[in-house]
Amino acid sequence: MPSVALEEVLRDVRRALEDPALQEGLRRAYTGAERRVPEILAEHPEILELARRVEEAKRRVLEDLDRYIEMAVESLKGVGAEPHFAGTAEEAREIVAGIVGSGKVVVMSKSMVAAEIGLREHLESLGNEVWETDLGELLIQLQGSKPMHTIAPAIHLTREEAARLVSEKLGVKLDGEKIEEIVAVVRRYLRDKFVRADVGISGANALAADTGAFVLVENEGNIRLVTGLPPLHIAVVGVDKIVPTLTDAFHVAMVQAAYASLYPPTYLNVIAGPSSTADIEKKRVYGAHGPPKLHVVLVDNGRKKAAKKPLLAEQLRCIRCGRCQLECPVWRLTANHWGGPVYGGPMGVGWTAVTLGEESGAELAHLCLGCARCDEVCPVRIPLSRIIRWLKKLYAESHGL
Ligand code: SF4
């Protein structure tokens, strides 16, 4: 995976500031988004209580991460799933590649950890036909760029740019640039991929150590197809997603949906093992209508080491709601061009330090203005501005300043 250098960050940021299409896309997407979350919280104050419970549950796991990983592995085996553990991004890629092989059709649902380990590109390099099925993530795939927001990867694209990408790259004719038309065309185009897919790859919002069940929250309905239609399902899950119980996992999904301003979520998927039936003579047979095989790849990639660091450990509570990004004055102008090669904005700086090393996070820290608005909106009270200040100090020390 790439490391980060300050000159490149500055170049990227300047390009973002001088890109009128990106600035217009961000301006259109941002209007009103800042008001929606407070409205949801005012209508559903119980979410604030759930957020406190999520914070506590995540703290408990991070204090004893190895034990919770072991519990999750045993629970996954108990429900008939096949667990794997990957220490690094490379190991994670190799494990998934070993299961998928080559010459397959693969459908993926949006997963930041899959982007973190460069999974799609790796599977494509092995001769697989790989399709992102989340609309925003598909647009990113067609554009050959990177996700620009945790929840809304194509937040920076205008409808005109989305229409151009879909018609040029998918070779389909569009009547105009109406968003409804773009969505309908992509829906028709991807149907065939879902049906032909040999493998479905998803992430997870939370994985319950007590049961081996994991939860995925969504609005499009693509996750249901990715995880339900192909004969093989692989879930790639960062070990930070482990929570003690299935109830905690539901709480994560509810809080994440609310802070992503998508509440109530349209779909909440729970997966505990491969599809099975015991309808005939009470004999359990795997592979009824869903996949008969489920692999779960648990990814460390710096998380266990970070869990032992007093301040950086706090970043691991992140539930990827993207709220801090929308609140950040720097992110509003640059999107994920600032914050790291995969993650972006205030949370991106911390995640880059976790996954690529503190030196890489430190290179990014300087563009932070220190306003601390991100701290105030984070549902799990991650002290993002303190993490970034600490990284600035590391940079100064390591450069003899
Ligand atoms: S750091 Fe907090 S606000 Fe930002 S994405 Fe993570 S949980 Fe959400």
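Helices α10 and α11 cross with left-handed geometry. Before I go on, note that this is a predicted model.

I will stay with that pair for a moment. Helix α10 covers residues 159-170 and helix α11 covers residues 179-196. Their axes come within 10 Å of each other, and the crossing angle is roughly 30°. An angle under 35 degrees counts as roughly parallel, so α10 is roughly parallel to α11. Which residues make the contact? On α10 they are R159, A162, A163, V166 and L170. On α11 they are I179, I182, V185, V186 and Y189. By type, this contact has 9 nonpolar residues, 1 charged residue and no polar ones.

Now the second pair. Helix α18, residues 358-365, packs against helix α20, residues 384-398. Here the axes are 8 Å apart and the angle is about 100°. The range from 65 to 115 degrees counts as roughly perpendicular, and α18 and α20 are therefore roughly perpendicular to each other. From α18, the contact uses E358, G361, A362, E363 and A365. From α20, it uses I388, W390, L391, K392, L394 and Y395. The types in this contact are 7 nonpolar, 1 polar and 3 charged.

Next, the domains. The assignment puts residues 6-31 together with 309-398 in domain 1, and residues 46-301 in domain 2. The C-alpha centres of the two domains are 24 Å apart. Domain 1 contributes 35 residues to the contact, and domain 2 contributes 31 residues. How much area do domain 1 and domain 2 bury between them? The value is about 2800 Å², with 59% of it on carbon and sulfur atoms. On the domain 1 side, the residues that lose the most area to domain 2 are R317, I319 and R320. Together these three account for 21% of what that side buries.

Last, two points about the backbone. Where is the cis peptide bond? It joins Y263 and P264, and its omega is about -5°. P264 sits in the loop between α13, residues 246-259, and β9, residues 267-271. The other point is N301, which is not a glycine but has a positive phi of about 45°. N301 lies in the loop between β12, residues 293-299, and α14, residues 303-307.

To recap the helices: α10 and α11 are roughly parallel, while α18 and α20 are roughly perpendicular. That is all I have.

Conventions: Residues are numbered from 1 along each chain as its sequence is written. This is a predicted model: local features need pLDDT of at least 70, side-chain atom pairs count only at pLDDT 80 or more; totals for chains, interfaces and linings use all residues. Side-chain values use heavy atoms; hydrogens and water are left out. Axes are lines fitted to C-alpha atoms, for helices over the stretch in contact, and angles run from 0 to 180 degrees between N-to-C directions. Helices (H or I, at least four residues) and strands (E, at least two) are DSSP runs, numbered from the N terminus. Angles under 35 degrees count as roughly parallel, over 145 as roughly antiparallel, 65 to 115 as roughly perpendicular and the rest as oblique. A crossing is left-handed if the near helix is turned anticlockwise from the far one by less than a right angle, and right-handed if clockwise. Contact means heavy atoms within 4.5 Å. Ala, Val, Leu, Ile, Met, Phe, Trp, Tyr, Cys and Pro count as nonpolar, Asp, Glu, Lys and Arg as charged, and the others, Gly among them, as polar. Domain bounds come from an automatic or database domain assignment. Buried area is the accessible area (1.4 Å probe) that two parts lose on being put together, summed over both.
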